[in-house]
Amino acid sequence: MTDKPDSYEAAVERLEEIIDRLDSGQAGLRETLELCKEGRELVTFCAAELDAVGAGLKELRLDELAEKLDSSARAES
Amino acid sequence: MGEAKPTQERLDTGPELPGPFAVGRYARKLEEEMRRRARVSLIGEVTGLSKSRTQAYFELRDQEGAVPCAIWLNELEKLELPEGGLRDGAEVVIGGGPDYYRGSGQSSPGFSFRATHIRLAGEGDLLARLDALRKQLRAEGLFELQGQLARPVLPRTIGVVTAEAGAARRDLLAGLQRRGWEGTVIWAFAPVQDRRAAPAITAAIQDLAARPQVEAIVVTRGGGSLADLWAFCDETLCRTVAMLRVPVVAAVGHERDTTLIDDVAAVACSTPTHAAEAAVPLDCGAARLSLERCTTALRRAAEGAVAARARHLGALARGPARALRRERLFLNQKTREVRAASERGLGGRHALQSRVALVLRRAARRAAGPELAGRREALRRAEIAFRAHEPERTLERGYALAEGPGGEPLTSAEAARAERDISLRFADGSLDVKPAAADDDR
C-alpha cells in the first residue's frame, strides 16, 4: 500500500478487492505477499477507525461549545 | 436651462390632469372603490396582533408579503374561534375584502383588509401551500443537492437537532447504540413545534454545519399534525438544508408524515432509530467481525501461498532425481533385454551359420567330387613333364651351361667369344673360364 486510505469505506473497498484477488488464485507469490501486506495495513487502519468510535459515547451541547468559544474569544481580546 | 424649468413644472403639477379635487371627496371615492373590490379569502400567518376597544388588528404574512387586517370584535366573537386560536404565529384563513378608512380632519386614514371571517388553517390549506412550495423547490433543483453529497459510513462526530426533552433523542441514542457506535454527538437543542420553531432549527443546523468535525447532521422530532410539523416545511429552513455541504438526515414525524425537509435532505427516515442507522451506515459490531474474517483470510492467503509454493518447489526439486532413477531403471531394463535378445540372437545365428556351412561344404563336395581327382592326375603328369624339361635334368646327364657374367645363358660360340669372363655351370657346380680368343687379342 502506497497511501493511507481516504476513508473507512475506501479502505474496505480496497480490502475486498484484495481478498477477491487472493481468492481467485491468480496472484503469483510476490503479488500475494504484497497484497497480504497491503491488506494487513488496511485492516489496521479500519480497526483504528472502529476503535475511534468504540471508546464510549461522548455527548456535547452545541450551546456550551458556543459559550466556550465566546469566552475564549473574550479572553483573547 | 432657463427654458427647461417651466416645462418641468408643467409636468410635475400636471395641469393637463383632471382636478384638482378636494382630498376629502377623493378619499371617500377611494373608500368606495376599495369596498367595491371582490371579496376573497387569504391564508397566512398572524403577526402583530393587537386590539382596540372595537377592533382587532394584525398582519397576515407569508414569505412574499403581508397585508394589514382588521376585524370588528363583535364579529370576531361570533366566529367562536378556540381560546387563543387567533394569536401570533397562527396559520389562518380569513375572508373579506380591501377597505380604506378615509380619516377625518382629526384622524388619520388607513388601508386594511377588512376581515369578516377567520378560521384556523386546516390540513388541507397547509397541504395546498406545501404542494406549491414543493413544486417550486423541485423546479429549482434543490431536491437533488443533498443527495449528491458523499455520506461517510463511519463518522466520528454527528450533530443532532431535536427537542431536549423529546422521545426522539432517546430513540436516536438507542439506534446509535444498536449500531455499536460510540463516537461524539453534538446536540443542538431547539424547539421543534409549529412554524415559529423554524428560525431556531435553521440556526441550529447552520451552527452544526459550521463545525468542521461534524460529518452528518440529524434533524428529528416525533410525529404530530402537519401544523405541529410545519416548521420542517419552512421555506427558509428547507433552502438552508438544501445548500449545506454536510449531509442532513431528516426523521420528522412518522412514516405517513411528509414534510418538505424530507425532500431536500440527503436521507429521509421514518423514525429517529432509522435516522441513527442512516447517520452511521456502518454496523460497527458486524464491521469488527468482518475485519477479523479479513485478517484470517489474509493470513491464510499468505501462509497458503508460501506453503503451496514450497510444496511445488519441493516437488520440482525431487523431480530430477526421480526422473534419473526412472531413466536408470529404464536403461537397466533395456540393457537386460538387449543382452537377453543378443544371446538369443547369437545362438540362433551361430546354429544357422553352422547349418549353412555344412550345407555349403556338402554342396561343394557334391559339386567338385568327380572332377577333382582327374585334375589332380593331370597336374601330376604336367609336373613330371615339366621336371623333365628343367636345365638341371640336362646338366645331370653331363651337359654344361655357359653363362655370361650376369648369369645370362650364352647360347653361341660367338656370344662366348664376345665375353671376357664366362661361367660353365655343371650339375655339381660352376667353373669360371676365359675364352682363348679373348686372351690372343690382349
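**Notebook: chain B and its interface with chain A**

I began with the surface of chain B, whose accessible area comes to about 27,400 Å², with 55% of it belonging to carbon and sulfur atoms. I note here that the model is a predicted one.

I then looked up the make-up of chain B and found 13 helices and 13 strands. Of its 442 residues, 33% count as buried. I also checked the contacts in chain B with a separation of 6 or more, and residues 24 or more positions apart account for 64% of them.

Next I turned to the interface. I find 34 residues of chain A in contact with 37 residues of chain B. The two chains bury about 2,900 Å² between them, and carbon and sulfur atoms carry 67% of that area. On the chain A side, I see that Leu50(A), Val53(A) and Leu62(A) supply 23% of the area chain A buries against chain B, more than any other three residues.

I looked for charged pairs across the interface of chain A and chain B, and the rule finds three salt bridges. One of these joins Glu59(A) to Arg169(B), with the closest N and O atoms 3.9 Å apart.

Last, I asked which elements of chain A touch chain B. Helix H1 (8-24), helix H2 (29-52), strand S1 (58-61) and helix H3 (62-76) of chain A each supply at least two residues. H2(A) gives the most, with 13 residues. I sorted this side of chain A by class and got 23 nonpolar, five polar and six charged residues.

Methods:
Residues numbered from 1 in each chain as written. Chains lettered and ligands numbered in written order. Predicted model: local features only at pLDDT ≥ 70, side-chain atom pairs only at ≥ 80, totals over all residues. Heavy atoms only, no water. Helix = DSSP H or I, 4+ residues; strand = E, 2+ residues; numbered from the N terminus. Buried < 20%, exposed > 50% of the residue type's maximum accessible area, 1.4 Å probe, protein only. Contact = heavy atoms within 4.5 Å. Areas by Shrake-Rupley, 256 points an atom, 1.4 Å probe, with all protein chains shown as cover. Buried area = accessible area lost by both parts, 1.4 Å probe. Salt bridge = Lys/Arg side-chain N within 4 Å of Asp/Glu carboxyl O. Nonpolar A, V, L, I, M, F, W, Y, C, P; charged D, E, K, R; others polar.
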